[in-house]
Amino acid sequence: MDRKSTPDLSTDVSTVPKVSTSSTGSPPAGPPQALATVAVVGLGTMGTGIAEILTRAGREVIGIDIDDAAARRAVAALEASTARAVRRERVTERERQDALARFRTFRDLQAAAEADLVIEVVPEEYELKRQVFTALDGIVRPEAILATGTNALSVTRLAADSAHPERVLGLHFFNPAPAMKLVEVVSSVLTAPAAVTAVTGLARELGKDPIAVGDRPGFVADGLLFGYLNQAAAMYESRYATREDIDAAMKLGCGLPMGPLALLDLIGVDTARTVLEAMYAASRDRLHAPAPILGQLAEAGLTGRKAGRGFYTYEAPGSAVTVPDDRTPTTAQDLDAGRAVRSVGVAGSGTMASGIAEVFAKAGFQVVLAARSLEKAEAAKARIAKSLDRSVAKGRLTAEARETALAAVTAAGSLESFADVDLAVEAVAEDLGVKQQLFATLDKVCKPGAVLATTTSSLPVVACARATSRPQDVVGMHFFNPAPAMKLVEVVRTVLTADDVHATVRAVCAQVRKHPVDCGDRAGFIVNALLFPYLNNAVKMVQEHYATPDAIDAAMKLGGGYPMGPFELLDVVGLDVSLAIEKVLHAEFRDPGLAPAPLLEHLVAAGCLGRKTGRGFREYARR
């Protein structure tokens, strides 16, 4: 997932004497338990990070790279990082000097002769890696372990081409290696258990959280991550949404540390394409077939941050600072355009309806909260009062502001109370028939010129619009749960939505301090269209017995920086809700890869719906 450097392969392997083995061809002894001396082949960003971790953990580290500049950068990086550690009083100056003394760099693979473990992190090219492993077979001791840092190529194939396949495995660190806790320990069918045990123990000593996985392209974390990144690239390529809106949607809607297109630029567009090619070759899943834009950017040399331009443009190669370019949206949006909105009607009595009503009331709007009965509406208003009380207790809201907001909400038992509202927001059950009936009623009771909005997360907005005589006034406003806390609103424009209606909703979002992102009227919009295929693929991994829910959740939190693992999230969202969304996506796009995993369907059929039933992918204590 980063720049990897190339070692010197000038050693003539045919002239290197082979180390003798037992009559069975296996090494005469198991791997050294301490793995005291480690060679790192390739001193790019990842190799340098791994070398730093090992050196600071007391290992003797042999850095090997044909590029003298790469070796100098690695030494400089270690000097800088250890100096920072001294300034922060995490190590003493003596400990720093000892660590620096343990790191030596070389140009030739022969320097790995005494290593207990060799970690290869050269570029993701099979032939280059094979050459490294072939050369190492004639150099290292027979009990030494050989690890590849690949995240896309076959560990099994590399092992099979090695003289000692039982000592070959995968050791996949994540970038930046010193900070990321996850290490995937990848076994092939040929790997000796003793080798796995030794490197797993080393990973724990390094302060990492190792998970054991089998050999398949992408393993766990990248296997899930790159499919999601590929879909985001395809979404951008289709001009469904801007790069800024796609990235903002996934950060604000899912709590991710980076948007998918910015992450592709960080990883490297060319690297992502290579990983996806390997994944597609193994799975033949169209979700893994690299989006054409990845190939176009890679061929043009627009490979992301390292080139200074990819999906975004950067102030210099290697910089993380983006600069405006010809694809940057104009910021001079006229938020005053559109229709005046002073009063808002919210239809519904559930958590989402009360949350949306609270958002508008706190922003100074007069709010009518209507439910099927006055009792339900009053209960929803009481929920708002409790939420406001919590905000006061946490110091986020004054007592006076709490009283003003609550006074702005009027509970009503009928939609007839929406007669004078400027904006009507529907937040009822995710059932198209129910929503269409409600919009037909809104069409009759709301005044001419009122904006009618649906909060659907997956149903067609235009179907709601067509239930009215004024489809030009209908738009999607997809809030995220909990509405008071979540900053994102997906603004969904149909082919019939009027320009001033779209402008009105964007202006209202700004007034209630939400971040609007624009998207078209298709299943899943931005967030769910990218999120739920990722969740579905995680279920498939468990279904295929590739990894456990615990291992997958750990991989995505530790390796991807996700706030929740996919199975934690599925159980919170509800397996029935997740299945319904995945069915909608599959029906819309007709892609076999989007078909809901049978395991998910079976759990829903069994009534195991997640936290709300006490059992989903995990069991929960009943409240």
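Which residues do ring pairs link into a cluster with Phe-360? Select Phe-360, Phe-365 and Phe-479, which ring pairs join into a cluster. Rings of Phe, Tyr and Trp (its six-membered ring) pair if their centres lie within 6.5 Å, with planes under 30 degrees apart counted as stacked, over 60 as edge-to-face and the rest as tilted.

This is a predicted model, in which local features need pLDDT of at least 70 and side-chain atom pairs count only at pLDDT 80 or more, whereas totals for chains, interfaces and linings use all residues. Residues are numbered from 1 along each chain as its sequence is written, and side-chain values use heavy atoms, with hydrogens and water left out.

Next, select Tyr-236 and Phe-311, an edge-to-face pair at 5.8 Å centre to centre with 75 degrees between the planes. Tyr-236 lies in helix 7 (residues 221–237) and Phe-311 in the loop between helix 11 (292–299) and strand 9 (313–314), so the pair ties together parts 75 residues apart in sequence. Helices (H or I, at least four residues) and strands (E, at least two) are DSSP runs, numbered from the N terminus. Both Tyr-236 and Phe-311 are buried, that is, under 20% relative accessible area (1.4 Å probe, protein chains only).

Return to Phe-360 and Phe-479: their ring centres are 6.2 Å apart and their planes at 70 degrees, so this pair is edge-to-face. Phe-360 belongs to helix 12 (residues 351–362) and Phe-479 to strand 16 (residues 474–479), so the pair ties together parts 119 residues apart in sequence.

Finally, select helix 20 (residues 566–573), where Pro-566, Phe-567, Leu-570 and Asp-571 are buried. Gly-574, with a positive phi near 110 degrees, follows helix 20.

Key. Buried means under 20% relative accessible area, exposed over 50%, partly exposed in between (1.4 Å probe, protein chains only).
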